[in-house]
Amino acid sequence: MSAWAGLRHAGSTCPLSRLVSLAKPAGGYRHLCCLKPPAASRPTTGSVRISRNGPEKSQGQVWQVEKAPDSGGGPHVLPPPRRLGEGVLRAVVPPGPRASRPRAGDVRAACFVHTSSSLRAAPIPALWILLKPAQKLFAIILGRSIRKWWKALPPNKKELFKESVRKNKWRLLLGACSLGALYIMFYFTHLEETPITGRTRLLVFGKEQFQQLSQLEYNMWMEKFENEMLPETDTRYQVVKKVVHHLSESNQDIPQFSEFKWVIHVVEEPGINAFVLPNGEVFVFTGLLNAVSDVHQLSFILGHEIAHAVLGHAAEKASLVHFVDFLSLIFLTMIWAICPRDSLAILGQWIQSKMQEFIFDRPYSRTLEAEADKVGLQLAAKACVDVRASSVFWQQMELAETIQGQPKLPEWLSTHPSHENRAEHLDRLIPEALQLRESCKCPSLSGPDPRLIFRLNMQHLLKASKDRESQNATEQGLTKVKVEFPPTQKMENIPVAFAVKPTD
């Protein structure tokens with residue numbers, strides 16, 4: 001896997017599958033989101049409540065902006081959405097910064113690109129990516145040349161060569177050990193701690209060096225979505241901007257946040273996706289806005305993507321690929337030198353690439369995704385988001401794939417954890433996140449736990465499914481009783497699926 005793939009994976013690709021509507025919970029679904037430290041229960045004067053209602057537009061609904069009623073000072077309370085899965089997204093936006101935290105001002109509405117100057121941003125990663133195909137080609141040519149040279153060598157010279165190797169085996173071994181020691185020394189001299197989590201990692205490329213790759217990635221996406229960008233006046237754009245602004249404002253105590261100038265881009269695309277480039281460019285598809293159940297799920301998803309950028313996962317993944325590729329070039333040369341035919345060498349090269357992918361690349365990608373989930377949950381908790389909705393989102397994704405009949409691949413074949421394991425991992429982290437939320441002076445969460453509501457909906461869904469299957473079996477049995485000659489009678493088709501509708 002190339003560093004370019006590492007950049008796109010860690011900084012810009014976190015694909016989300018399409019979500020289907022779920023059953024409506026009985027009694028509603030209440031949330032509280034403290035967007036300012038509290039005292040009362042109504043929005044302050046000048047705040048904006050953004051709700052998605054009204055006629056359809058594209059694949060979603062038109063977002064309407066309404067002024068909140070005037071009241072005294074106090075916390076901003078998020079009203080409950082109408083239905084779980086209906087796509088109602090409401091947010092109460094504070095008129096100013098939180099008193100207990102520094103001002104953010106990091107969300108820019110203009111198409112501003114925050115990059116290092118040409119003198120500071122070294123082109124090492126870009127040059128490495130450009131030269132990588134040439135390095136692989138050189139390894140193949142070198143290995144193939146060694147094989148042809150050995151085949152063309154007379155028998156007597158082959159024996160002389162083997163004898164020379166036996167005589168100098170200790171020198172050769174010493175040289176190989178020296179190279180190995182230099183390789184290990186390079187690894188340990190490029191270790192550093194990950195921000196926030198403190199995990200030790202290999203980092204070959206610095207953030208300033210990685211700015212050029214971020215700019216190339218940004219230019220590619222802007223060219224691709226040039227005609228699909230929503231204007232800044234669109235209310236969907238404003239919702240994303242307010243959520244990112246609030247996440248940034250609530251986490252200014254993290255030093256890495258001051259390094260970013262978040263730039264919002266909302267793309268009119270049906271795909272359920274969002275990503276943040278290493279230079280702070282935030283891309284959100286409207287398909288995601290149509291899929292999330294409430295602002296809490298959207299805040300967690302954007303917190304997860306922002307965590308990738310804050311933690312520098314793109315540079316970390318590219319560094320690992322760079323380190324592993326050096327070894328892979330040695331093995332590639334050996335494969336082409338040892339295999340007697342080109343066809344066997346190609347097969348050996350394919351096996352080697354797959355082993356590298358499944359042993360190093362994909363497990364490491366899943367580790368980065370799990371870390372981004374953990375940090376994203378912390379970012380959302382400090383923004384007074386209902387973090388319990390995070391695991392519900394992935395349970396909904398799991399249910400959606402089941403209903404749509406999508407095949408389930410083993411987790412070891414994927415670059416991301418499975419939806420089920422992801423939800424379980426978040427459930428284990430939620431108690432700690434709730435304590436962090438409470439320490440930030442956020443208002444208490446009222447109403448039932450959204451995870452409990454989802455489980456009740458699932459039980460109702462399974463019960464409805466069993467009742468439907470029982471009814472179909474009864475109808476089939478009655479048909480068999482009435483028919484005199486079953487072998488010649490055409491049987492009635494039994495439905496294999498049924499529509500899932502919200503219940504009262």
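View 1. At 27% relative accessibility, Phe 358 counts as partly exposed, a class that lies between buried (under 20% relative accessible area) and exposed (over 50%), with a 1.4 Å probe and protein chains only. The model is predicted, so local features need pLDDT of at least 70 and side-chain atom pairs count only at pLDDT 80 or more, whereas totals for chains, interfaces and linings use all residues. Residues are numbered from 1 along each chain as its sequence is written, and side-chain values use heavy atoms, with hydrogens and water left out.

**View 2. Aromatic pairs.** The structure holds 18 aromatic pairs; rings of Phe, Tyr and Trp (its six-membered ring) pair if their centres lie within 6.5 Å, and planes under 30 degrees apart count as stacked, over 60 as edge-to-face and the rest as tilted. The ring centres of Tyr 187 and Phe 323 are 5.3 Å apart and the planes stand at 45°, so this pair is tilted. Because Tyr 187 belongs to helix H4 (residues 169–188) and Phe 323 to helix H9 (residues 313–338), the pair ties together parts that are 136 residues apart in sequence; helices (H or I, at least four residues) and strands (E, at least two) are DSSP runs, numbered from the N terminus. Tyr 187 counts as partly exposed, at 30% relative accessibility, and Phe 323 as buried, at 14%. For Phe 358 and Trp 412, the centres are 5.7 Å apart and the planes at 65°, so the pair is edge-to-face. Tyr 183, Phe 186, Tyr 187, Phe 188, Phe 323 and Phe 326 form one aromatic cluster.

**View 3. The largest nonpolar core.** This core has 49 residues, and those with the most contacts inside it are Trp 262, Leu 302 and Ile 306. A nonpolar core is a set of buried Ala, Val, Leu, Ile, Met, Phe, Trp, Tyr and Cys residues joined through side-chain atoms within 4.5 Å. Helix H8 (residues 295–311) gives the most to this core, with ten residues. Among the residues that Leu 302 touches are Val 240, Leu 247 and Val 284, not counting residues up to four places away in sequence; contact means heavy atoms within 4.5 Å.

**View 4. Glu 281 and His 265.** Glu 281 is found in strand S9 (residues 281–285) and counts as buried, at 0% relative accessibility. The side chains of Glu 281 and His 265 are joined by a polar contact of 2.6 Å. A polar contact is a pair of N or O atoms within 3.5 Å; within protein, one must be able to donate a hydrogen and the other to accept it, and residues adjacent in sequence count only if both atoms are side-chain atoms.
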